[in-house]
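Have the sequence and the 3D view open side by side while reading. The paragraphs below go from single residues to the whole chain and then to the contact between chains.

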Amino acid sequence: MAVWSFTLVLNRAMTDADHDTFDHLDEFADGDVSTEDFADGRPTELICDPVEAPTLVEAVADVARRIRLIPGLRAVAARHDDMVTLGEAAQRSGRTRTSLDLLASGKRGPGGFPAPEWTTPGTSFYSWAKITAFLVSLGDEVEETSLEIVLADSLLRVAHEVENRKVHVTVEVLADLGLPVAV
Amino acid sequence: MVSPGRHQKSAVAAALDKAKGAGFEVRPDKNGHRWGWVICCGCHGSFKVAGTPRDPDTEAKKILQFVSRHSNC
């Protein structure tokens, strides 16, 4: 099964009690979801990697379901981190890891692959925005923001609004709107 | 035998060493599935480290990504 990496934004900063619940839930035992908290009170972000699912939208939905096990917490937005390894860049771009390795080392292509933003022995992190611009210059059709993450983000925002406003949306309504749901 | 305060997965322990070397605070704080925290000394943002990650290499990568995101704090 495919594995996905992405970041989810929660509806608020996690409290110590939220963290305690998170730390004891078996749904988070294998470490595929980490938390990042901010001292300025911004909502906590979930660093999700590697989440197994057939598609990115299903991976986002899986983590969104799990975080709802903690009372009051909701995932309300999704995005990709700009800082990527070449492996992640390969998945997002549709190229193979080997292809990106060759481009990065200058053994293939015109040279000029973006330099790593941060390097530590054994691991280099690149800006996805810069890699995208480079690949586009080679003629690749690659978006800086993937349609899948935009779709997942939109679905989370809609779900959050529907829940906030206590709107009752039936499966029939979703079908009438043109969503391919089973009625 | 893993020394106290050191992560039992070598890849994660190595990433924590790198974080420490980059000026971040590494705080063991075992609770359930949690091993502890990596804390940015500039902005005080914190990253939770899993105790038994299924994929230690990816857990290590996430720690280093946190460090890289906060390298200019």
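A residue is called buried when its relative accessible area is under 20%, exposed when it is over 50%, and partly exposed in between. With these cut-offs, Leu179(A) counts as partly exposed, because its relative accessibility is 41%. This is a predicted model, and the values that follow are computed from it. Leu179(A) belongs to the segment after helix 7 of chain A, a helix that covers residues 171-176. Between Leu179(A) and His168(A) there are 16 Å from C-alpha to C-alpha, and the two are 11 residues apart in sequence.

Now consider chain A as a whole. It has 7 helices and 7 strands. Along the sequence their order is β-α-β-β-α-β-β-α-α-β-β-α-α-α. Of the 183 residues in chain A, 43% are buried. Take the contacts in chain A between residues at least 6 apart in sequence: 62% of them join residues at least 24 apart. The chain exposes about 9500 Å², and 55% of this area comes from carbon and sulfur atoms.

Two loop residues show what buried looks like in practice. Thr44(A) sits in the loop between strand 2 (33-37) and strand 3 (45-52) of chain A. Its relative accessibility is 0%, so Thr44(A) counts as buried. What does the side chain of Thr44(A) make a polar contact with? The partner is the side chain of Asp37(A), at 2.6 Å. Leaving aside residues up to four places away in sequence, Thr44(A) touches several others, including Leu8(A), Leu10(A), Met14(A) and Thr35(A).

The other residue is Ser146(A), in the loop between helix 5 (128-137) and helix 6 (147-164) of chain A. Ser146(A) has 17% relative accessibility and therefore also counts as buried. Outside the four places on either side of it in sequence, Ser146(A) touches Leu56(A) and His80(A).

Next come some points about the backbone. Most residues other than glycine have a negative phi, and most peptide bonds are trans. Against that background, the bond joining Asp49(A) and Pro50(A) is a cis peptide bond, with omega about 0°. Pro50(A) is part of strand 3 of chain A. Lys166(A), in the loop between helix 6 and helix 7 of chain A, has a positive phi near 55°. Is Lys166(A) buried or exposed? Lys166(A) counts as exposed, because its relative accessibility is 72%. In chain B, His44(B) has a positive phi near 70°. His44(B) is placed in the loop between strand 2 (34-39) and strand 3 (46-50) of chain B. At 53% relative accessibility His44(B) is over the cut-off, so it counts as exposed.

The last step is the contact between the two chains. It involves 33 residues from chain A and 29 residues from chain B. About 2500 Å² is buried between them, with 49% of that area from carbon and sulfur atoms. On the chain B side, the residues that lose the most area to chain A are His33(B), Lys48(B) and Arg54(B), which together account for 25% of what that side buries.

Definitions and conventions:
Residues numbered from 1 in each chain as written. Chains lettered and ligands numbered in written order. Predicted model: local features only at pLDDT ≥ 70, side-chain atom pairs only at ≥ 80, totals over all residues. Heavy atoms only, no water. Helix = DSSP H or I, 4+ residues; strand = E, 2+ residues; numbered from the N terminus. Buried < 20%, exposed > 50% of the residue type's maximum accessible area, 1.4 Å probe, protein only. Contact = heavy atoms within 4.5 Å. Areas by Shrake-Rupley, 256 points an atom, 1.4 Å probe, with all protein chains shown as cover. Polar contact = N/O pair within 3.5 Å; in protein donor to acceptor, adjacent residues only side chain to side chain. Buried area = accessible area lost by both parts, 1.4 Å probe.
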